[in-house]
Amino acid sequence: MKIITCDIDGVLNDYPLCWIKYVNNELSADFLTKEEIKSTIGHSDYDNIKDKYRWSEFKANLKCNRNMVNVLQLLKKQGYLIMIVTSRPIGNKMKYPLLEDLTLNWLKKNRIPCDKLYYKFDDALFNELEENEIVLHIDDEIDQGYAFSNKQIPTLVIGPDKKAQLSNNLFIVSISDCIYTYIKSLLNDKGVK
Ligand SMILES: [Mg+2]
């Protein structure tokens with residue numbers, strides 16, 4: 001089967017804006033970036049408030065990026081397996097026992113196709129490659145995109161930047177571009193039927 005893997009935060013929602021908004025509400029602050037939050041409150045407080053955010057109603061009810069959800073629904077209809085991947089620590093059941101369920105509920109509530117949910121750096125994900133083929137990965141962070149493109153997986157990084165090709169398999173596309181058309185032509189160029 002042909003698999004498309006898609007990140008959650010920053011692709012299917014408006015992270016980091018939602019996170020900055022949460023922190024500003026909690027601390028009555030007016031931070032503009034997550035880097036500014038980190039450097040002002042320090043790593044320990046940053047991690048503590050991030051934990052609180054992970055459990056919050058605010059996070060459970062985050063708005064999805066409807067445009068990207070529509071793209072995944074169209075791809076699903078065409079027979080691709082959609083695997084949602086995240087760097088949220090869903091595998092750490094001791095510390096975050098409910099995080100995986102919270103994430104699955106959010107995906108379901110927003111009708112986001114999800115054949116399987118994986119921690120992004122779980123080797124089990126790449127073991128899927130033995131029987132299946134990951135034909136595309138979608139992310140919002142270039143560093144994390146490289147983890148996939150370095151494995152020869154065509155990778156699309158969606159963000160504020162203009163279109164660019166960073167390597168043989170790593171492509172940048174702006175959130176305002178027509179992502180579905182771009183994906184179809186990329187799959188076509190890569191010979192994916
Ligand atoms: Mg992300």
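## Pairing around strand 7

Strand 6 (residues 164–165) runs antiparallel to strand 7, and two bridges join them. Strands pair if DSSP finds at least two bridges between them. Within this pairing, Ala-164 stands opposite Ile-172 of strand 7.

## Basis of the model

The model is predicted; local features need pLDDT of at least 70 and side-chain atom pairs count only at pLDDT 80 or more, whereas totals for chains, interfaces and linings use all residues. Numbering starts from 1 along each chain as its sequence is written.

## Overall architecture

The protein contains eight helices and seven strands; these are DSSP runs (helices H or I, at least four residues; strands E, at least two), numbered from the N terminus. Its radius of gyration is 17 Å, close to the 16 Å given by the globule rule for 193 residues, so the protein is as compact as a globular protein of that length. The radius is taken over C-alpha atoms, and the rule is 2.2 Å times the number of residues to the power 0.38. Along the principal axes, the C-alpha atoms fill a box of roughly 50 × 35 × 30 Å.

## Burial and contacts

Of the 193 residues, 26% are buried, that is, with 20 or more other C-beta atoms, placed from the backbone, within 10 Å of their own. Among contacts with a separation of 6 or more, 56% are between residues 24 or more positions apart; a contact requires C-beta atoms, placed from the backbone, within 7 Å.

Terms used: Buried ≥ 20, exposed ≤ 12 C-beta atoms within 10 Å, placed from the backbone. Contact = placed C-beta atoms within 7 Å.
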